[in-house]
Amino acid sequence: MPTMLSVENLSISFRTDEGVITPVQGVTFAVEAGRTLGLVGESGSGKSISTKALMQLLPGTAMLGENTRMTYTDKGGKDIALGHLKHGSRELRRIRGGEIGMIFQEPMASFSPVYTIGNQMMEAIMLHRGLKKREAREFAVEMLDKVGISNAAARIDQYPHELSGGMRQRAMIALTLSAGPALLIADEPTTALDVTIQAQVLDLMRDLQRELGMGMIFITHDLGVIAQIADDVAVMYLGTIVERGPAREVIRNPQHPYTQGLLDAIPSVEHLHDRLKPVPGDIPSPTNRPTGCPFHTRCAQAIPGICDAQEPVETTPMPGRAVRCWLHSDKDRSAA
Amino acid sequence: MGDTILLRFTLERFVGMVITMALVSVMVFLIMELPPGDYADRYAFRKYSGTGVNVTEADIEAIRRDLGLDKPMVLRYFDWIGGIVLHWDFGQAFAFETSVTKVIGDKVWLTAGILFATLLLTYIVSIPIGIFAAVRRGSAVDYGLTVFSYLGLALPNFLLALVMLYFANRWFGADIGGLFSAQYRDAPWSAAKVWDMMKHLWLPAVVLAWSAVAYQIQTVRATMSDELNKLSVTAARARGVPETKLLIKYPARLAINPVVSTIGFDVNRIFSELPIVAVVLGLTELGELLLKAYLDLDMNVAGAILLMLTFAIVFMNFFSDLLLAWLDPRIKLGA
């Protein structure tokens, strides 16, 4: 499969009153057409802002690093350098929605409450598909039908508050996909839903992705969800990717202590009598980033004098896998 | 389905408005009854004071009977309100020895003109500026507008009226006070007279709108800043909606909610400030007449004016409710 999105060395800094903070540092990942990359991490690990940077949705105080390269290959095969498109330009507006679609965590909040579902869908369809109002309406009904909303012809004239949470997220998926994106960024799309609804929505997204051949970036804090939907996974901690590889292999055989911790924190039916094991400690504030490996303050296996002193480099413990941890860098440590 | 909800909402609010107006009319009537003595006393006093005629209790009783003032209060209320509703007849203005309708005359429409000019000016200026300040939050323009706002809020408007009168006089000639130039003051209505009025109307409108503009800029700026941070705005931006269209369609529509919901307050405030501004600018409108009516204890005139002003406020509240329901469809559901 061809790579449709390649992100290299993504660093994002913000000017704040307390000085410059850099919540994302040197993040590298790629998305292949038709495949799903899962971005996993706790809140504040930089997952969301990394994807917002792709769409240039960050506030004006944000700055991209000098070595940051984000290349997106559009539906016509043209390479586009993301992150530096002119604000208000036609190209940027085409990328937003038409090439890369985005779904957010709160379906209620991502719809405007004062326009009907249909109004907001038709706006996107007319913008990106060049359809007239009536055709756009027909297309919107078709899309609502496709995401499993019954009686779509009537639902289209309803306001977001008249739909249930699960229906709203289905409608948001329909809205985002109706613009015809080749890459879908889903930012915790199921976190705010009931578990049963969550499973239905995940199935729906998987099916639609296969049918439309889209690439997908799926952001979540839940490795269990990753197991269901992602082909590849990148685990983020405090703005860097600490481990990446094929989703099944990473889950079956995690290499980074943080990934192991996240997996231990998932409840399982076999071990119901055990207490859940949370990852100890809190994620440090980006204004107060630890020296050395960012995870050493919470890591049970941290090596004193090394992990707290030097930042580990990315190594390849086995083919197709990458991990950023001193436990796997015996050979590199002497070189560093 | 949506249409029937809207219709029911409108009907409910309309009925609410009519009930409020009825209650207001009762209150106004009671206020008219408050001053000691009654119309007959004062009528007799005015008619015969200084003439040397000795007025007896029987004379006053005769006047009272003549004017129907001996009837019970409830009946008199219905006579009064019935005359207004059925014949636009507000009774006698004894201080002027003519009907209230004649005394008030054109002043109703002039007052309405000042009111609408002021409201229009307030919203046309404050809404776009508030939105602009929110979009450019933290910029030099934003800070400049904030300073202007505080200045606007701090400056009493009779003082502003004096200052503006002075400068308007220097720049636009001597004839800027009042609502008409001398040659039109008593002329019948014509296109030229309307135009002449327009040329005078801006000054009281600016003076009266001044503090409201300052206040509403801050309101719009604050709500617009909130709305700009909403996920729905980011989501719309992520769908490639062009920025100007996006700002107007999504955050701005909701940001003007607090402005729309306070139209009634603005009307109220304009009416309270109008008499003082009117005195300074030499306008002849209802507020100024109201002050005079109070001084003369001419309660029929005062009552008529009070009734009109409060009806205007109640009606504008009704209008603001409808506008809000149109702006935010969630409101209809809560009705």
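Student: How do you know that strand 8 of chain A and strand 9 of chain A pair, and in which sense do they pair?
Tutor: This is a predicted model, and in it five bridges join strand 8 (residues 183-187) to strand 9 (residues 215-220) of chain A, in the parallel sense. Pairing requires at least two bridges, and five bridges were found here, so the two strands count as paired. As one position along this pairing, L184(A) has M216(A) of strand 9 of chain A opposite.

Student: What is the order of the open sheet of seven strands in chain A?
Tutor: The order is 7-8-9-3-10-11-12, and the pairing is mixed.

Student: How do you know that the span of helix 4 of chain A agrees with its 13 residues?
Tutor: The expected span is 1.5 Å times one less than the number of residues. For the 13 residues of helix 4 of chain A this gives 18 Å, and the end C-alpha atoms are 18 Å apart, so the two values agree.

Student: What makes helix 4 of chain A largely enclosed by the rest of the structure?
Tutor: A residue is buried if 20 or more other C-beta atoms lie within 10 Å of its own. Ten of the 13 residues of helix 4 of chain A are buried, and therefore the helix is described as largely enclosed. Among these buried residues are I117(A), M121(A), E123(A), L127(A) and H128(A). Their cover includes helix 2, helix 5 (133-146), helix 6 (152-155) and helix 7 (165-178) of chain A.

Student: Which domains are assigned to chain A, and how far apart are their centres?
Tutor: The assignment gives domain 1 (3-249) and domain 2 (254-335) of chain A. Taken over C-alpha atoms, their centres are separated by 28 Å. In the contact between them, 20 residues of domain 1 of chain A meet 20 residues of domain 2 of chain A. Strand 11 of chain A gives six residues to the domain 1 side, the largest share. That side divides into nine nonpolar, six polar and five charged residues.

Student: Which domains does chain B have?
Tutor: Chain B is divided into domain 1 (2-103) and domain 2 (107-297), with 34 Å between their centres over C-alpha atoms. The chain has 16 helices and two strands.

Student: Why does A161(B) count as buried?
Tutor: The cut-off is 20 or more C-beta neighbours within 10 Å. A161(B) has 26 inside 10 Å, so it counts as buried. This residue lies in helix 8 (residues 157-172) of chain B. Leaving aside residues up to four places away in sequence, A161(B) touches V207(B), V277(B), V280(B) and L281(B). A161(B) and P204(B) are 43 residues apart in sequence, yet 7.6 Å apart in space, C-alpha to C-alpha.

Student: What share of the residues of chain B count as buried?
Tutor: Of its 335 residues, 33% count as buried.

Student: Where in chain B is confidence lowest, and where is it highest?
Tutor: Confidence is lowest in helix 16 (residues 330-334) of chain B, at a mean of 69, and highest in helix 10 (residues 231-238) of chain B, at 95. Over chain B the mean pLDDT is 84, and 95% of the residues reach 70 or more. Where pLDDT is low, the predicted coordinates should not be read in detail. The model as a whole scores ipTM 0.88 and pTM 0.82.

Note on methods: Residues numbered from 1 in each chain as written. Chains lettered and ligands numbered in written order. Predicted model: local features only at pLDDT ≥ 70, side-chain atom pairs only at ≥ 80, totals over all residues. Domains from an automatic or database assignment. Contact = placed C-beta atoms within 7 Å. Helix = DSSP H or I, 4+ residues; strand = E, 2+ residues; numbered from the N terminus. Nonpolar A, V, L, I, M, F, W, Y, C, P; charged D, E, K, R; others polar. Buried ≥ 20, exposed ≤ 12 C-beta atoms within 10 Å, placed from the backbone. pLDDT = per-residue confidence, 0-100.
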